[in-house]
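This briefing covers a single predicted model. Please read it with the sequence and the 3D view open.

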Amino acid sequence: MADDRDLPALARLRREWTAERTGEADQDAGFERAFEAWWRAELPRRTFWLAEAGTERSGYTAVGSLNVVEIGNMPRPGGRPGRWGYVGNAFVVASYADRGVAAALLTAAVDHARARRYQRLVLRPTPSSAPFYLRHGFTPAGEGMLMLLPSAGQEDS
């Protein structure tokens, strides 16, 4: 799980995500400040994961990240309150795409969803990432969305 110490690495990954999609280097000098403000505003309801490659001796480099927004259901008379998660901002540096980094990040998010007893995890994948999520148990949920029921097949404790 990422924390305040990971802010520079998360901001760098977001810059890389932008460059990968636009083909241009980002020149926004105020981006880190804006990213930190967003992080602070989102932290109460978002959990972030950061994947790193390297060793203690050589140092670590951030190679991927993912976050989940927790959404609480509005209470209703006679109903049990619940919550669910929206998986967002998943990104893995291209040179690490086929090394299990994305799967490890997603596994951490699903484990988190199970521990927090989320009713479901949802996401809106890119066309190229949809097969990855389908292989990991997500199912179509309409309008380009995919859904996973984290407790499906899990015994309640």
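A residue counts as buried when its relative accessible area is under 20%, and as exposed when that area is over 50%; partly exposed lies in between. By that cut-off Phe-138 is buried, because its relative accessible area is 2%. The model is predicted.

**Sheet**

- Six strands make up an open sheet with mixed pairing. Their order is β1-β2-β3-β4-β6-β5.
- β1 and β5 are the edge strands, each pairing on one side only.
- In general, the strands of a sheet pair through backbone hydrogen bonds, either parallel or antiparallel.
- β1 pairs with strand β2 (residues 59–72) in the antiparallel sense, over 10 bridges. A hairpin of three residues joins the two strands.
- Two bridge pairs link β1 and β2. Trp-49 has Leu-66 of β2 as its bridge partner, and Leu-50 has Ser-65 of β2.
- β2 also pairs with β3, again antiparallel, over eight bridges. Here Glu-70 stands opposite Gly-85 in β3.
- At the β5 edge, β5 and strand β6 (residues 146–148) pair in the antiparallel sense over two bridges. Pro-140 stands opposite Leu-146 in β6.
- Is β1, an edge strand, enclosed or open? Seven of its 10 residues are buried, so β1 is largely enclosed by the rest of the structure.

**Nonpolar core**

- The largest nonpolar core holds 36 residues. Among those with the most contacts inside it are Leu-50, Leu-66, Val-68, Leu-105, Leu-121, Tyr-133 and Phe-138.
- Which helix gives the most to this core? Helix α3 (residues 101–115) does, with six residues.
- Phe-138 sits in the loop between α4 (130–135) and β5 (139–140). Despite that loop position, Phe-138 is buried.
- Residues up to four places away aside, Phe-138 touches Leu-106, Leu-121, Leu-123, Tyr-133, Leu-146, Met-147 and Leu-148.
- Phe-138 and Leu-121 are 17 residues apart along the chain, and their C-alpha atoms are separated by 8.6 Å.

**Helix α2**

- α2 (residues 31–42) has 12 residues. From first C-alpha to last it reaches 16 Å, close to the 16 Å expected at 1.5 Å a residue.
- Which residues of α2 are buried? They are Phe-31, Phe-35, Trp-39 and Glu-42.
- These four lie on the same side of α2, because they cover an arc of only 75 degrees around the axis.
- An α-helix has 3.6 residues a turn, so residues three or four places apart point the same way.
- The face turned away from the buried side carries exposed residues, Arg-33 and Ala-41.
- What covers the buried residues of α2 includes α1 (7–22) and β1 (46–55).

**His-112 in α3**

- His-112 lies in helix α3.
- Leaving out neighbours within four places in sequence, His-112 is in contact with Met-1, Thr-47, Trp-49 and Tyr-118.

- Tyr-96 is found in the loop between β3 (83–92) and α3.
- Tyr-96 touches Ala-53, Val-63 and Val-101, not counting residues up to four places away in sequence.
- Tyr-96 and Val-63 are 33 residues apart along the chain, with their C-alpha atoms separated by 6.9 Å.

Methods. Residues are numbered from 1 along each chain as its sequence is written. This is a predicted model: local features need pLDDT of at least 70, side-chain atom pairs count only at pLDDT 80 or more; totals for chains, interfaces and linings use all residues. Side-chain values use heavy atoms; hydrogens and water are left out. The expected span of a helix is 1.5 Å times one less than its number of residues. Buried means under 20% relative accessible area, exposed over 50%, partly exposed in between (1.4 Å probe, protein chains only). The arc is that of the directions from the helix axis to the C-beta atoms. Contact means heavy atoms within 4.5 Å. A nonpolar core is a set of buried Ala, Val, Leu, Ile, Met, Phe, Trp, Tyr and Cys residues joined through side-chain atoms within 4.5 Å. Two strands pair if DSSP finds at least two bridges between them.
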